[in-house]
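Here is a friendly briefing to read alongside the model. Take a look at the whole fold first, and then we will turn to one residue.

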Amino acid sequence: MKKFLLASAATLVATSAFAQDDTVKLGIILGYTGPLESLAPGMESGAKLAIAEVNESGALLGGTTVEAVTGDSTCVDAAAATAAAERLVTGDGVVGIMGADCSGVTGAILSNVAVPNGVVVISPSATSPGLTAAEDNGLFFRTAPSDARQGQIISDILMEKGIETVAVTYTNNDYGKGLADAFQSAYEEAGGTVTISAAHEDGKADYSAEVGALAAAGGDRLVVAGYVDQGGSGIVRAALDSGAFDTFHFPDGMIAQALVDNFGSEIDGSSGDNPGTDSEGAKLYQDMATEEGYDGTSAFSAESYDAAALMMLAMQAAGSTDPAAWKESVMDVANAPGEQILPGELEKALQILQEGGDVDYVGASAVELIEPGESAGNYRVVGFENGEMVVEGYR
């Protein structure tokens, strides 16, 4: 008992010390280079908007200021992502990481850096189902839903459109393989037929061989579970040029303005999806983003705002910037009971928590976290008409 009391006292002293810091650093690790680099600016802007909102309020832990420190995950190079995280944690002293973006590098950061150093990671876009079972010591959360759900969403979209046979190509990593498998399972259970499910490598100049195999298998549509700034677009270009496919389904890694810029009306009649909602919070966030000069509808931007916001609210709820303490509060501030909190209301949330009240953070993406700390998930369904991407609905 004596040892327990001494340990408890030490913990309280440490927690108090963290709470009294004038500045706390949060890491933002995204693929500023690599196959999703076109999405990184909107995601960074979302996280930094939440940080600016909290700093302007002066209400975090008696006036603690949050400083953002960025690192490049590259999206695909686990060694580079690990090095970036190591620098942020051991060099800059961040107490949390908003990121990473892609699933493989997120897993590498989690196992190699975050868990050994006890740092919380909240990813806005790492969607591999494999991360659900990762050994994380309660340090990993995500505001984008698992691809186990996206696979079902894609199946529903295609079956409702009467598309009963598809070919599938996926980027050869955790994200691509996990999504392709989840989709195929759901689609075949619904009565659809996957004629082929084949991996492709990013960074190639010529995808004619891959498209040749896909064309030989056939299908009413080609599902491209790839990256818009890399092999995914290469596959689409080769498919269009050869006449192998003229309509596609684009999951979240392909949904960006770059897709429309690359192909315009060539992909008219295609479909796609990415995490998103038409909630009140989403509309508020989009208005806030417009005022700041960026596109709040950009994929995973809203989820990035929410990831950063959850970190800071959890600190306030725990009364500490020590991740060992505030990791226990993330699920509490993200879910009921409590007063619902929308974008632009972080100061109100901080005040409620300071006074000992409860908040239910809804945020920009209608956040609802389920065990073991991931989003229940909402999706935006898009189509392509007259060279433009149009929203068809939400699920």
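For 395 residues, a compact globule would have a radius of gyration near 21 Å, and the chain agrees because its own value is 21 Å (taken over C-alpha atoms; the globule rule is 2.2 Å times the number of residues to the power 0.38). This is a predicted model, in which local features need pLDDT of at least 70 and side-chain atom pairs count only at pLDDT 80 or more, while totals for chains, interfaces and linings use all residues. Residues are numbered from 1 along each chain as its sequence is written, and side-chain values use heavy atoms, with hydrogens and water left out.

**The chain**

- The C-alpha trace spans about 70 × 40 × 35 Å along its principal axes.
- Of the 395 residues, 55% count as buried (under 20% relative accessible area, 1.4 Å probe, protein chains only).

**Aspartate 147**

- Helix α5, covering residues 147-160, holds aspartate 147 (helices are DSSP runs of H or I, at least four residues, numbered from the N terminus).
- Aspartate 147 is buried without a salt bridge, and the nearest side chain of opposite charge, arginine 142, is 6.8 Å away (a salt bridge needs a side-chain nitrogen of Lys or Arg within 4 Å of a carboxyl oxygen of Asp or Glu; Lys and Arg count as positive, Asp and Glu as negative, and His and the chain ends are not counted).
- Leaving out residues up to four places away in sequence, aspartate 147 touches Thr127, Ser128, Pro129, Tyr175, Leu179, Ala182 and Asp252 (heavy atoms within 4.5 Å).

Terms used: Helix = DSSP H or I, 4+ residues; strand = E, 2+ residues; numbered from the N terminus. Buried < 20%, exposed > 50% of the residue type's maximum accessible area, 1.4 Å probe, protein only.
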